[in-house]
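Dear colleague,

Please find the structure below, handed over for your own work. My notes on what was found in it follow directly after.

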Amino acid sequence: MAVLLIAEHDNKSLKDSTAKAMTAAQALGGPVDILVAGQDAKPAADAAAKIAGAGKVLLADDAQYGHQLAENMAALIVELAGKYDAVLSPASTNGKNFMPRVAAALDVPQISEIVSVDGPDTFTRPIYAGNAMQQVQAPAGKKIITVRTTAFKAAETTGSASVESVSAAKGPGVSEFVGEELSKSERPELASAKVVISGGRGMQSGENFHLLEKVADRLKAAVGASRAAVDAGFVPNDYQVGQTGKVVAPELYIAVGISGAIQHLAGMKDSKVIVAINKDEEAPIFQVADYGLVADLFKAVPELEEELKKQGY
Amino acid sequence: MKVLVPIKRVVDYNVKIRVKPDQTGVDLANVKMSMNPFDEIGVEEAIRLKEKGVATEVIAVSIGPQEAQETIRTALAMGADRGILVKVDHEVEPLTVAKILARIAKAESPQLIILGKQAIDDDSNQTGQMLAQLLGWAQGTFASKVVVEGDTVDVTREVDGGLQTVRLKLPAIVTTDLRLNEPRYASLPNIMKAKKKPIDAKAASDYGVDPAPRLKVLKTTEPPKRKGGVKVKTVQELVDKLKNEAGVI
């Protein structure tokens with residue numbers, strides 16, 4: 001089964017989610033080519049060529065792909081899809097944006113956010129915010145799949161595939177990029193950070209998030225938030241961890257002042273180690289935490305920062 | 001301009017769902033059902049466009065069982081003008097929904113179709129994008145701001161790294177994210193008024209679409225359970241455990 005994997009990148013560099021999605025792609029059994037569509041995206045394509053398992057890297061370098069507009073991306077992928085039996089993409093906001101268009105153009109159902117490949121046409125995916133898992137079998141025909149990359153290990157970067165240019169497809173010309181406002185942070189990205197510290201409604205205000213930032217700086221962690229904290233206006237939505245936000249699976253997840261609503265748990269329960277700091281000892285978050293500390297966060301978090309500092313972090 | 005708002009009747013977001021012991025699905029008997037929260041945001045946005053004088057008519061469409069009529073009534077009570085119920089008694093896949101909506105869009109010629117970014121039952125996050133492709137329209141998914149200006153709409157989108165703004169030629173598709181607006185509650189007089197608003201009853205066959213699912217659901221299971229661990233008494237103990245027991249810092 002020939003597979004086309006759509007790379008997640010920002011033109012300059014390749015996102016880790018691409019190597020993780022590669023593991024899912026390889027589980028389908030068959031050669032995997034990677035498509036890097038972008039503008040001045042040679043560096044991303046070169047990085048993709050190093051992913052072990054890549055047959056070749058297709059580079060579509062054109063201004064219309066600079067911001068991954070769904071209409072243009074879909075037109076390109078549909079044109080290339082002819083040679084492949086399956087097309088996969090990380091379930092990033094990019095993949096979620098263009099993949100359903102590809103599926104509709106090819107008249108096949110899409111399988112969203114798979115967490116395992118159980119057979120060449122059989123996959124498992126979470127439904128109801130991760131409160132149930134559904135195993136589905138795709139019909140004959142091309143398979144269009146997005147991958148919840150936190151569920152897969154990254155492929156090695158020992159490969160040396162060739163990079164081949166492919167020409168741009170004619171986009172429908174109905175959309176244009178106006179601008180973007182990307183969160184600037186020296187800290188690692190939520191989706192790929194090894195340590196994540198998140199705050200909930202218990203933080204009481206956006207200003208109080210600086211308590212978490214201090215700990216984050218000691219542990220080189222990313223800062224996240226629950227939906228409650230986003231809804232309360234403490235932090236922007238791109239901080240949100242949960243079914244309606246980002247799904248993360250770091251080595252260490254520290255939940256501070258987060259009660260543990262189902263919707264939040266769906267976004268972090270695959271973390272290796274979970275720590276909960278909450279003054280309410282009945283909070284459901286303690287049911288999933290490996291280490292729970294019942295304490296007032298306004299005392300405990302500065303203490304944690306102090307203790308880490310003392311130990312040389 | 002007309003605005004079409006597709007809405008889905010789903011398990012209420014406060015309900016803790018149960019997987020059936022025989023793994024055939026999720027137990028929906030006697031469970032509270034509501035409008036999908038993202039769709040509610042879509043209805044609210046459409047009504048606000050009407051209140052601003054941008055939209056002239058708001059049409060709520062639902063594809064689902066007879067009971068989905070209640071969901072349409074909710075949208076009408078919020079301020080939508082009329083409804084269309086396409087009755088289908090089983091699960092309908094996103095592509096099927098998109099095909100039916102595409103036919104309705106051709107008949108109604110809306111300038112804007114506003115959908116929820118995903119339904120909180122199947123979590124597919126596909127219908128809006130598929131509909132956009134079938135119609136050959138532009139799409140602004142995961143919207144946190146929608147500004148209609150002449151024959152274009154500017155949509156600010158919630159993306160992984162922050163916010164992105166795109167300009168789309170109308171007609172266009174918008175899918176909603178959480179921060180777009182806070183949906184209103186319907187007032188009692190409006191709930192009474194909504195009872196008189198018209199709802200067209202249709203079937204999938206009226207649109208020439210076969211509603212049969214194409215994905216085969218083999219089984220539905222409980223997610224793997226995570227066990228609670230230990231309580232620590234102090235921050236010092238916590239740091240010690242993370243360092244020496246778990247080895248994650």
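In these notes, a contact means heavy atoms within 4.5 Å. The structure is a predicted model, in which local features need pLDDT of at least 70 and side-chain atom pairs count only at pLDDT 80 or more, while totals for chains, interfaces and linings use all residues. Residues are numbered from 1 along each chain as its sequence is written, chains are lettered from A and ligands numbered from 1 in the order in which they are written, and side-chain values use heavy atoms, with hydrogens and water left out.

I begin with one residue of chain B. Leaving aside neighbours within four places in sequence, L28(B) is in contact with Y128(A) and V11(B). L28(B) sits in the loop between β2 (9–11) and β3 (33–35) of chain B; helices (H or I, at least four residues) and strands (E, at least two) are DSSP runs, numbered from the N terminus. With a relative accessible area of 38%, L28(B) is partly exposed. On this scale buried means under 20% relative accessible area, exposed over 50%, and partly exposed in between, with a 1.4 Å probe and protein chains only. The C-alpha atoms of L28(B) and I17(B) are separated by 8.0 Å, and the two residues are 11 apart along the chain.

Next come the salt bridges. A salt bridge is a side-chain nitrogen of Lys or Arg within 4 Å of a carboxyl oxygen of Asp or Glu. Over all chains, the structure holds 31 of these salt bridges.

One of them joins the side chains of R214(B) and D107(A), at 3.4 Å from N to O. This pair crosses between chains, from R214(B) in the loop between β11 (199–203) and β12 (216–221) of chain B to D107(A) in the loop between α4 (93–106) and β5 (110–114) of chain A. R214(B) is partly exposed at 34%, and D107(A) is partly exposed at 35%.

Another salt bridge lies between D154(B) and R167(B), at 2.7 Å from N to O. The pair links distant parts of the chain, 13 residues apart: D154(B) is in strand β8 (residues 152–159) and R167(B) in strand β9 (residues 162–169), both of chain B. D154(B) is buried, with a relative accessible area of 19%, whereas R167(B) counts as partly exposed at 32%.

The side chains of E245(B) and K241(B) also meet in a salt bridge (3.5 Å, N to O). Because they are 4 residues apart in helix α6 (residues 235–245) of chain B, E245(B) and K241(B) are separated by about one helical turn. E245(B) is exposed, at 51%.

Finally, some totals for chain A. Its secondary structure comes to 8 helices and 16 strands. Along the principal axes, the C-alpha atoms of chain A fill a box of roughly 60 × 40 × 40 Å. Buried residues make up 60% of the 313 residues in chain A. Of the contacts in chain A with a separation of 6 or more, 64% are between residues 24 or more positions apart.

With kind regards
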